[in-house]
Amino acid sequence: MTIGQTMNISRESMNNYQHALAVVSQNISNMNVDGYIKLRADFATNPTYSYGNNVYANIRGLNGAHISQITSYANNAAANSARETNSNAQYYYTLDSLMSRLGEITDELGENGLQASFEEFFSAAQNLSANPTDPSARRIYIESAQSVAMKFNSIASSLDGLQEELVGNWQQGATIENSEIYMSAQDFNQGLERLAELNKQIVIQGADNSTGLINERENLLNSLSAYVDINVEYNKNGTVDVKMGDMKLVSGAQQQYRLNVTTGDAATPAIVQVENMDGTLVLSNANSEVSGGQIGAILDIVNTSDDGFITISGMRSKIDELANTFAQEVNDTQTYTNGTVGAMALGTDPDTGEQILVPSTEPIFNLGNPITADSISVNQNVIDDPNLIATARVDTAVDGWEKNVGNTDNIVATAQLRDKITMSTFGGADNVTFEGFLTYFAGQVGLQQSDISGKFDSANTLNESQQTNLQSITGVNLDEELADMIKYQRGYEASARVFNTANEIYELLVTLGE
Amino acid sequence: MTSNLMLTTMNKNLSNIYETYEQITSGKKLTSVGQNPSEGTKLMKYNKQLGQLDDWSKNIETAKDELGQSYDTLGLIQENLQRINELTMQAANSFNSSDSLEAIRSEVEQRTRTIAQLANTKYQDKYIFAGSNTATIPYALDDDLNVTYSGTAQDGNWERNIEISEGVTMPLNINGEEIFGDETSGIFATLKELNDALKDPDMDIKAISDCLDPIQEGIKNITSAQAVISSRVQRLDATGTINDNVTLGLTQMKSNIEDTDMAEAATQLAMYQTALQASLQAGATIMQQATLLNYI
């Protein structure tokens, strides 16, 4: 009976609208969940069954509507795009914060920079030249030399400390396990494991049935992309494959590879390796496959490369070079000899007890081959007896040279080292002074710092716009949901009304003829 | 979505405010080379030059002090020599009894010892006329006024140099032997002869008057030494003035790069604060935006 049909259609319709409302309710309640992808109930007409070929038969064949599917607003292209910009932004973020730490270590404009120590040293030399036999002027000179050495030591240890924090100490293999890069690789591996598990669950439950799991998976993929630049491929069966470079790390429900980090050498302190799940090596040096993200940034700041990017070890070797050249030049002047002319320190005449000149043999800085920024130190003998500082430079062929204690030629020569061209900025012939080298080098670091900072700003802005874009596609829009809610409410009301009307007609029908 | 945007712009405004505030309180707008590499490296160069100029100006002051001391001492020596000259003329040209001659001789000896004392003047623990033998007493007089010169020889390495400008050095001292001579020639030798002549009971007038010319010679040496000192001091002053001018210029350039322009910074701070306020207000409005909920 057609009335029954009407009541059936209305009943199913009310049911549909209840279910559709549930979807709206789901969206609204998940509105603030990170990475939630909104759902939509799609209605479709029920297939009609016709038992004849006339209008009345056709009408009897109408069958109402049903909810055909719950569509997810997931947009894989937008998600991938957002992941890529996220990787990039994270890469520059890490680099930017590391570069500013490096900038702090070599802060040359402050009172704690290396240049300030050089200034103190050369000033002390000038002061000593005005008063070569004065014990306090000698003491001040030695103390300023110690201060230069300490500054070098402190810069070296800060750089070493930063590198050790990031990738451990390459000379002691076990220290890598406490390093940031190792922890990040472990986190990454754990993420891959969870991803494979999620893939498996999604396949078992069916992709349409796993919106919660899919959301969790999207979040996981986003956090993985912060470590390394990854490529995500969506498969037809609802799983995803994750590739790093050319290697497929996760294929469907199976994690195929994982990352390991090991120590290398001075030029390449950290090496990322790819290994099978059982621990056997697949790629012993996967550094070229790793790019972007936090791990990529750490590798780039630590490992020497050909493109002129300043790394921590690059900085360390420049500072070492400066320390070595400086110490050598000062020592060479301290123990200067040329034929019969030589540098002289103060001594005592054994017979008369008077102050006389004696040949200077003690270096100011302890010798080394080469001297490095962490090994540079002042000779303890000179600290104990500042008279060993060679202020005079005399010709021993001239009679009576021992008495020339007031001669200042050697200490003036030391002070003039400040303007001597002793170093090279490009690895070729010498073209700058100590401080010229330091200035050039500080400039290079500063340029890199501001360059990275600019790149971070633009990468960050781009990432934010991509994330906003993704959010606008997949995120819950309250107006839309409320509009749907009203739609479904009206639909429900109308269906209920139709049902009641059909019911009244039915009652009338039953009492027809009474 | 809009709340994210609001947060980002608010944070940006806050960091701008903080940065400007830092600039105002510290007085410096450039604190690290990374902020502005080209200006930062210029600043490093200026700092180095200013440090050097400061060192040189200290050296110039030291040189002027020590040379001044030498100049004054020479003046005192000259006074004594002039008096000895008078006494010698008196002994040579007028009639003197043996008593008055003895009186003259006594004063001459007194003044000779004074001159030796002055020639052994110390400045900051260094014998200034000893060349580079600053620990050794240059002129030792014995009881018979025999002198021993222990300073650095005139043709030896007597200069005590300091740097007053890039690559430019100047000696702080003048050579004693050049002015006063040594054991065999020079003013002390002459004064010994004079003393011996005045002691001579034969009253050898010729010997006494023969000393007059060398004494004049001695006075002249002192005058020319003083002239040398004057010209050195003049050079020091000139170099000092040049250094001062360069320092002034560099300090100005350094200030332009490094120092905060207070007026500009204060204006910017006010601007950023306004921007922050505006963004907060706009944000609040957006957050409370009407949704369909209000109208159902």
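Student: What area is buried between chain B and chain A, and what part of that area do carbon and sulfur atoms give?

Tutor: The size of an interface is often given as the accessible area lost when the parts come together. Here the area buried between chain B and chain A (accessible area, with a 1.4 Å probe, that two parts lose on being put together, summed over both) is about 3,600 Å², and carbon and sulfur atoms give 55% of it. This is a predicted model, in which local features need pLDDT of at least 70 and side-chain atom pairs count only at pLDDT 80 or more, while totals for chains, interfaces and linings use all residues. Residues are numbered from 1 along each chain as its sequence is written, chains are lettered from A and ligands numbered from 1 in the order in which they are written, and side-chain values use heavy atoms, with hydrogens and water left out.

Student: How many residues of each chain take part in the contact, and which elements of chain B supply them?

Tutor: Counting contact as heavy atoms within 4.5 Å, 43 residues come from chain B and 44 residues from chain A. Between the two chains there are 15 residue pairs in polar contact, both residues being at pLDDT 80 or more; such a contact is a pair of N or O atoms within 3.5 Å, where within protein one must be able to donate a hydrogen and the other to accept it, and residues adjacent in sequence count only if both atoms are side-chain atoms. On the side of chain B that touches chain A, helix 2 (37-93), strand 5 (161-165) and helix 9 (292-295) of chain B each supply at least two residues, and helix 2 of chain B gives the largest share, 14 residues. Helices (H or I, at least four residues) and strands (E, at least two) are DSSP runs, numbered from the N terminus.

Student: How many salt bridges are there between chain B and chain A, and how many does the structure hold over all chains?

Tutor: A salt bridge is a side-chain nitrogen of Lys or Arg within 4 Å of a carboxyl oxygen of Asp or Glu. Two salt bridges are counted between chain B and chain A, including that of Asp55(B) with Arg418(A), whose closest N and O atoms are 3.9 Å apart. Over all chains the structure holds 36 salt bridges, among them the one where the side chains of Lys38(A) and Glu480(A) meet at 3.6 Å, N to O. Lys38(A) lies in the loop between helix 1 (2-29) and strand 1 (39-45) of chain A, and Glu480(A) in helix 13 (residues 478-510) of chain A, so this pair ties together parts that are 442 residues apart in sequence.

Student: In what order do the three strands of the open sheet in chain A lie, and which helix packs on the sheet?

Tutor: Two strands pair if DSSP finds at least two bridges between them. The order is 7-8-9 in chain A, with antiparallel pairing, and strand 7 (257-263) and strand 9 (281-283) of chain A are the edge strands, each pairing on one side only. Helix 6 (residues 180-205) of chain A packs on this sheet, touching strand 7 and strand 8 of chain A, and its direction makes about 170° with that of strand 7 of chain A; axes are lines fitted to C-alpha atoms, for helices over the stretch in contact, and angles run from 0 to 180 degrees between N-to-C directions. Two bridges join strand 8 (residues 270-276) of chain A to strand 9 of chain A, and Val274(A) stands opposite Leu283(A) in strand 9 of chain A.

Student: Where is the peptide bond that is cis, and which residue has a positive phi although it is not a glycine?

Tutor: Most residues other than glycine have a negative phi, and most peptide bonds are trans. The peptide bond from Asn369(A) to Pro370(A) is cis, with omega near -5°, and Pro370(A) is placed in the loop between strand 12 (355-359) and helix 10 (380-384) of chain A. Gln124(B) has a positive phi of about 50°, and its place is in the loop between strand 1 (122-123) and strand 2 (126-127) of chain B.
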